[in-house]
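Please look over the sequence and the model first, then read on.

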Amino acid sequence: MITVFNVPTKEEVAPQNQEIFDNLNNALGFVPNLYATIAYSDNGLAKFLAYQNAKTSLTNKEKEAVNLIVSQVNGCVYCQSAHLVIGKMNGFTDEQLLDIRKGISEDSKLDALVKLAADITKTKGNANNETVETFFAQGYTKENLVDLILQISDKTAMNYLHNLTQVPVDFPVASAI
């Protein structure tokens, strides 16, 4: 028998998560299914959102490029779909998003970031020295490297959660781009 993960409703989660559901509804107009799934844990949703929303040296556009390539490498359709939408909201074109999903960018600095994020994800942190050095040669710093690894960990957790639970995707399907 396979355990099915239904998306929990507000009434099915702990009171502290119900409050977070209200906040998400107010901010986004809905509670994304994957966030709702995290609410199976009484403390997980607050913990994850605090981590996800923490300050970083990466720009929103850089974060979205990382989120998209990591989700592509990890085969997470849910997160690919979400970050195609969010990527467009952050100024990427369809062509740029398609390139990022392929692990490239016409912008040399963003290309170094995307390539390193993909390499770190594929190798479980054992990235190629040349890829790391190209990252630094493009002007990124040690702070940026630490923040990149933290961003990868954030997205990998969500990728793994969706890949395991297979809750319904509530964003436009990733294959559209």
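In which helix does Ala 137 lie? Ala 137 lies in helix α8, which covers residues 129-137. This is a predicted model, and the values in this report are computed from it. Ala 137 is exposed, with a relative accessible area of 66%. Its C-alpha atom is 21 Å from that of Ile 69. Along the chain, Ala 137 and Ile 69 are 68 residues apart.

## Helix α3 and its two faces

Helix α3 runs over residues 44-52. Its buried residues are Gly 44, Leu 45, Phe 48, Leu 49 and Gln 52. Seen down the axis of α3, these buried residues fall within an arc of 120 degrees, so they line one face of the helix. The spacing has a simple background. An α-helix has 3.6 residues a turn, so residues three or four places apart point the same way.

What covers that buried side? The cover includes α1 (15-28), α2 (33-38), α4 (60-73) and α9. The face of α3 turned away from the buried side carries the exposed residues Lys 47 and Ala 50.

## Helix α9

Helix α9 spans residues 142-165.

Asn 144 is buried, with a relative accessible area of 10%. Leaving aside neighbours within four places in sequence, Asn 144 is in contact with Ser 57, Leu 58, Phe 135 and Gly 139.

Val 146 is partly exposed, at 47% relative accessible area. Together with Tyr 51 and Leu 150, Val 146 forms a nonpolar patch on the surface. The accessible area of Tyr 51, Val 146 and Leu 150 together is about 260 Å².

## Salt bridges

How many salt bridges does a search of the whole structure find? The search finds three. The table sets them out.

| Lysine | Aspartate | N to O distance |
|---|---|---|
| Lys 10 | Asp 22 | 2.6 Å |
| Lys 88 | Asp 94 | 2.7 Å |
| Lys 115 | Asp 111 | 2.8 Å |

Take the salt bridge of Lys 10 and Asp 22. Lys 10 lies in the segment before α1 and Asp 22 in helix α1, so the pair ties together parts that are twelve residues apart in sequence. Lys 10 is partly exposed, at 29% relative accessibility. Asp 22 is partly exposed too, at 32%.

Next comes the pair of Asp 94 and Lys 88. Asp 94 has 38% relative accessibility and counts as partly exposed. Lys 88 is partly exposed, with a relative accessible area of 44%.

The pair of Asp 111 and Lys 115 sits in helix α7, residues 108-122. Being four residues apart, Asp 111 and Lys 115 are separated by about one helical turn. Is Asp 111 buried or exposed? Asp 111 counts as buried, at 18% relative accessibility. The cut-off for buried is under 20%. Lys 115 is partly exposed, with a relative accessible area of 35%.

## Lys 109 in helix α7

Lys 109 also lies in helix α7. Its relative accessibility is 32%, and Lys 109 counts as partly exposed. Not counting residues up to four places away in sequence, Lys 109 touches Glu 62, Gln 138, Gly 139 and Tyr 140. Lys 109 and Tyr 140 are 31 residues apart in sequence. In space, their C-alpha atoms are 8.3 Å apart.

How many disulfides does the count give? The count comes to zero. Cys 76 is in no disulfide, and the nearest cysteine sulfur, that of Cys 79, is 3.5 Å away. Cys 79 is in no disulfide either, its nearest cysteine sulfur being that of Cys 76. A disulfide needs the two sulfur atoms within 2.5 Å, and the sulfur atoms of Cys 76 and Cys 79 are 3.5 Å apart.

Where do these residues stand on accessibility? Cys 76 counts as buried, at 0% relative accessibility. Cys 79 counts as buried, at 2%.

Conventions:
Residues numbered from 1 in each chain as written. Predicted model: local features only at pLDDT ≥ 70, side-chain atom pairs only at ≥ 80, totals over all residues. Heavy atoms only, no water. Patch = residues over 30% accessible without salt bridge, like charges linked within 9 Å, V, L, I, M, F, W, Y side chains within 5 Å. Areas by Shrake-Rupley, 256 points an atom, 1.4 Å probe, with all protein chains shown as cover. Salt bridge = Lys/Arg side-chain N within 4 Å of Asp/Glu carboxyl O. Buried < 20%, exposed > 50% of the residue type's maximum accessible area, 1.4 Å probe, protein only. Arc of directions from axis to C-beta. Contact = heavy atoms within 4.5 Å.
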